[in-house]
Amino acid sequence: MLIVRYHLASGESGEDVLVDDDKWSFGRPGTEEPPTVSTDDRRISRGALVIRDSGPGPVVYRGQRGEVARVGLIAEDGSTTWLSEAKAGLLTDDARRIEFHLGEEHVITVEVDFADRGSVKERRLQALAEAEEAEEAAKAEKAEEADSGPDTL
């Protein structure tokens with residue numbers, strides 16, 4: 001589950017909860033799937049920002065076109081990773097805020113909350129360990145059933 005909180009420069013703000021394959025988007029309407037938060041600003045692309053959960057964790061995709069736009073993934077220490085057009089950035093425990101600017105004009109800030117799930121490798125190892133544990137429990141249960149059967153002479 002992802003919790004997406006946004007604040008537009010106009011003062012509008014809100015919060016959306018994403019589960020499973022849901023995605024959050026910001027941009028102009030006009031695509032098959034309308035944006036979660038829309039704007040009528042012609043400088044902003046359809047699907048300018050898209051946030052969704054993925055295998056490695058939550059990602060933000062920059063669909064905004066043009067060199068004037070700046071989309072940054074901001075870490076807790078203030079460092080910024082700038083996303084190029086048509087590129088995605090992985091949200092992490094210490095980088096959960098996205099800022100979108102057109103030139104010097106701030107357009108929207110988005111903050112995403114999510115539970116740390118560990119890396120893909122850590123989750124795979126955990127799933128393997130849980131599967132092995134379940135297999136061992138099933139074997140033990142079968143052995144116990146065999147031992148507790150009626151005695152026959």
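Read along the sequence, the protein follows the pattern β-β-β-β-β-β-β-β-β-β-β-α. It holds 11 strands and one helix. Both kinds of element are DSSP runs numbered from the N terminus: helices are H or I runs of at least four residues, and strands are E runs of at least two. The model is predicted, so local features need pLDDT of at least 70 and side-chain atom pairs count only at pLDDT 80 or more, while totals for chains, interfaces and linings use all residues. Residues are numbered from 1 along each chain as its sequence is written, and side-chain values use heavy atoms, with hydrogens and water left out.

Along the principal axes, the C-alpha atoms fill a box of roughly 90 × 35 × 25 Å.

Of the 153 residues, 33% are buried. Buried means under 20% relative accessible area, exposed means over 50%, and partly exposed lies in between, with a 1.4 Å probe and protein chains only. The protein exposes about 10,000 Å². Carbon and sulfur atoms supply 48% of that area. Accessible areas come from the Shrake-Rupley method with a 1.4 Å probe, and for residues only the protein chains shown count as cover.

Charged side chains comprise 19 positive and 34 negative ones. The centres of the two sets lie 10 Å apart. Lys and Arg count as positive, Asp and Glu as negative, and His and the chain ends are not counted. Each charge is placed at NZ of Lys, CZ of Arg, CG of Asp or CD of Glu.

Contacts, defined as heavy atoms within 4.5 Å, were also examined by sequence separation. Among those with a separation of 6 or more, 44% join residues 24 or more positions apart.

The largest nonpolar core has 28 residues. Such a core is a set of buried Ala, Val, Leu, Ile, Met, Phe, Trp, Tyr and Cys residues joined through side-chain atoms within 4.5 Å. Trp24, Phe26, Leu49, Ile51, Ile98, Ile108 and Val110 have the most contacts inside it. Two or more residues each come from strands S1 (2-8), S3, S5 (49-52), S7 (69-74), S10 (97-102) and S11 (105-113). Ile108 shows the links in detail. Not counting residues up to four places away in sequence, Ile108 touches Tyr6, His7, Leu8, Trp24, Phe26, Leu49, Ile98, Glu99 and Phe100.

Ile74 lies in strand S7. Its relative accessible area is 8%, and Ile74 is buried. Beyond neighbours within four places in sequence, Ile74 is in contact with Ser79, Thr80, Asp94, Ala95, Arg96, Arg97 and Glu99. Gly47 is 27 residues from Ile74 along the chain, and their C-alpha atoms are separated by 20 Å.

Arg97, one of these partners of Ile74, is found in strand S10. Arg97 is partly exposed at 29% relative accessibility. With neighbours within four places left aside, Arg97 is in contact with Gly72, Leu73, Ile74, Thr109, Val110 and Glu111. Arg97 and Leu73 are 24 residues apart in sequence, yet 5.9 Å apart in space, C-alpha to C-alpha.

Ser79 is found in the loop between S7 and S8. Ser79 is partly exposed, with a relative accessible area of 38%. Its contacts, leaving aside neighbours within four places in sequence, are with Leu73 and Ile74. Ser79 and Ala95 are 16 residues apart in sequence and 8.9 Å apart in space, C-alpha to C-alpha.

Other loop residues were examined in turn. Ser45 sits in the loop between strand S4 (37-38) and S5. Ser45 is buried, with a relative accessible area of 12%. Not counting residues up to four places away in sequence, Ser45 touches Gly27, Arg28, Gly63, Gln64 and Arg65.

Asp20 occupies the loop between strand S2 (13-18) and strand S3 (23-27). Phi of Asp20 is near 55 degrees, a positive value in a residue other than glycine. Asp20 is exposed, with a relative accessible area of 69%. Ala86 is found in the loop between strand S8 (80-83) and strand S9 (87-90). Ala86 has a positive phi of about 65 degrees although it is not a glycine. At 46% relative accessibility, Ala86 counts as partly exposed.
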